[in-house]
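Have the structure open while you read.

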Amino acid sequence: MKRHNFSAGPCILPGEVLQKASEAVINFDNGLSLLEISHRSKPFVDVMENARALALELLGLEGKGYKALFLQGGASTQFLMVALNLLEKRAGYLNTGTWSDKAIKEAKIYDDIYEVASSKDANYNYIPKGYDIPAEYDYFHCTSNNTIFGTQMKTFPNSPIPMVCDMSSDIFSRQLDFSKFDLIYAGAQKNMGPAGATLVVVKEDVLGKVSRKIPSMMDYKVHISKSSMFNTPPVFSVYVSMLTLQWLKNLGGIAAIEKENEKKAQLIYSEIDLNPLFKGFSTKADRSTMNATFTLANEDLKETFETMIKEAGINGLNGHRSVGGYRASMYNALTLESVGVLVDVMSELERKA
């Protein structure tokens with residue numbers, strides 16, 4: 001039976017990427033495994049350089065003063081690293097979910113943090129709008145997509161100060177003017193590869209402006225000077241991310257995958273809206289293309305629905321405990337066919353009920 005992976009954590013990966021990655025684990029360089037070669041060897045240095053170059057190319061940031069880094073520690077480490085490198089006096093944060101809330105808590109360790117707006121009052125089921133960003137602050141931080149709650153920023157403000165964005169769960173999924181952002185970070189495990197690496201894309205001219213001493217491992221300038229090789233990099237995660245970015249480029253880049261992602265989102269949300277057995281969690285205007293969150297209108301149907309899901313080969317549909325219900329994560333590599341299988345199950349449940 002074909003499995004349909006809607007998991008929100010480690011992402012679904014393209015079949016050809018999994019095949020190439022598995023081959024590299026056995027034989028990457030003249031009989032040596034990818035997992036046992038030196039990260040300083042030319043074969044892997046080429047991988048790192050290619051991965052960084054592909055990231056800038058796909059985002060349209062080549063030759064615009066940006067550097068791409070593959071670092072360790074997950075996006076959660078970036079909550080702290082952003083503040084260490086950019087925060088001098090005060091910063092503004094948009095609070096739209098669990099991860100932005102955690103980013104705020106981490107940044108507060110160092111200096112004053114101001115929430116420009118928050119949707120916490122409604123359990124983060126919408127994206128705040130109409131807020132002001134103080135021009136005297138050091139930077140503005142936002143989260144583009146909220147995996148847990150299924151909301152997504154459809155537009156971004158014209159910030160008078162450097163804009164930082166956590167794009168962990170929707171990077172490379174839709175076309176944006178990425179030059180509006182001075183720093184973007186994203187954990188690899190949503191749309192790029194396995195956990196272990198975090199992509200950071202930073203405009204060099206925003207660095208070096210804080211007065212504090214920054215530990216070497218937390219200093220973006222140090223990592224830039226060492227081409228992401230200041231310490232041993234997460235070799236496998238970087239390699240799989242490179243393969244995934246090349247796969248995306250071969251498809252036609254972000255413009256091509258955005259069209260597919262819109263088809264998937266339209267299909268699932270149409271069923272949620274038309275089927276009286278289901279209710280969407282997030283407000284319609286702010287629905288995420290990557291993560292559709294919904295609940296059953298009648299919990300008595302839970303056992304039947306989940307049996308049908310299992311029989312259809314659907315995996316990873318359970319919602320986060322903060323929301324409950326179900327979450328269909330539709331990252332780049334998930335096919336429209338898989339979304340169709342889920343929608344068929346939802347429609348069949350309505351017929352049975």
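1. Start with Ile268. Ignoring neighbours within four places in sequence, Ile268 is in contact with Ala292, Met330, Val339, Leu342, Val343 and Met346. Keep in mind that this is a predicted model.

2. Where does Ile268 stand within the largest nonpolar core? That core has 89 residues, and Ile268 is one of three, with Phe172 and Phe305, that touch the most other members. There is also a second, separate core: 29 residues, including Ala103, Ala107, Tyr139 and Leu207. As general background, nonpolar side chains in soluble globular proteins tend to be buried together.

3. Now the helix pair. Helix 7 (residues 253-274) packs against helix 9 (residues 336-352) with axes 9 Å apart and an angle of about 5°. Angles under 35 degrees count as roughly parallel, so helix 7 and helix 9 are roughly parallel to each other. On the helix 7 side the contact is made by Lys263, Lys264, Leu267, Ile268, Glu271 and Ile272. Helix 9 brings Leu336, Val339, Gly340, Leu342, Val343, Met346 and Ser347. Sorted by class, this contact has 8 nonpolar, 2 polar and 3 charged residues.

4. Is Gly150 buried or exposed? Its relative accessibility is 0%, so Gly150 counts as buried, and that in the loop between strand 6 (145-146) and strand 7 (151-152). Again leaving aside neighbours within four places in sequence, Gly150 is in contact with Tyr269, Ser282, Asp286, Arg287, Ser288, Asn291 and Thr293. Check Gly280 as well: Gly150 and Gly280 are 130 residues apart along the chain, and their C-alpha atoms are separated by 9.4 Å.

5. On contacts across the whole protein: take those with a separation of 6 or more, and 67% of them are between residues 24 or more positions apart. As for burial, 55% of the 353 residues count as buried.

6. Last, the overall picture. The secondary structure comes to 9 helices and 14 strands. Along the principal axes, the C-alpha trace spans about 65 × 55 × 30 Å. How does the radius of gyration fit a compact globule? For 353 residues such a globule would have a value near 20 Å, and the protein has 21 Å, so the two agree.

Definitions and conventions: Residues numbered from 1 in each chain as written. Predicted model: local features only at pLDDT ≥ 70, side-chain atom pairs only at ≥ 80, totals over all residues. Heavy atoms only, no water. Axes fitted to C-alpha atoms, helices over the stretch in contact; angles between N-to-C directions. Helix = DSSP H or I, 4+ residues; strand = E, 2+ residues; numbered from the N terminus. Parallel < 35°, antiparallel > 145°, perpendicular 65-115°, else oblique. Contact = heavy atoms within 4.5 Å. Nonpolar A, V, L, I, M, F, W, Y, C, P; charged D, E, K, R; others polar. Core = buried A, V, L, I, M, F, W, Y, C linked by side-chain atoms within 4.5 Å. Buried < 20%, exposed > 50% of the residue type's maximum accessible area, 1.4 Å probe, protein only. Rg over C-alpha atoms; globule rule 2.2 N^0.38 Å.
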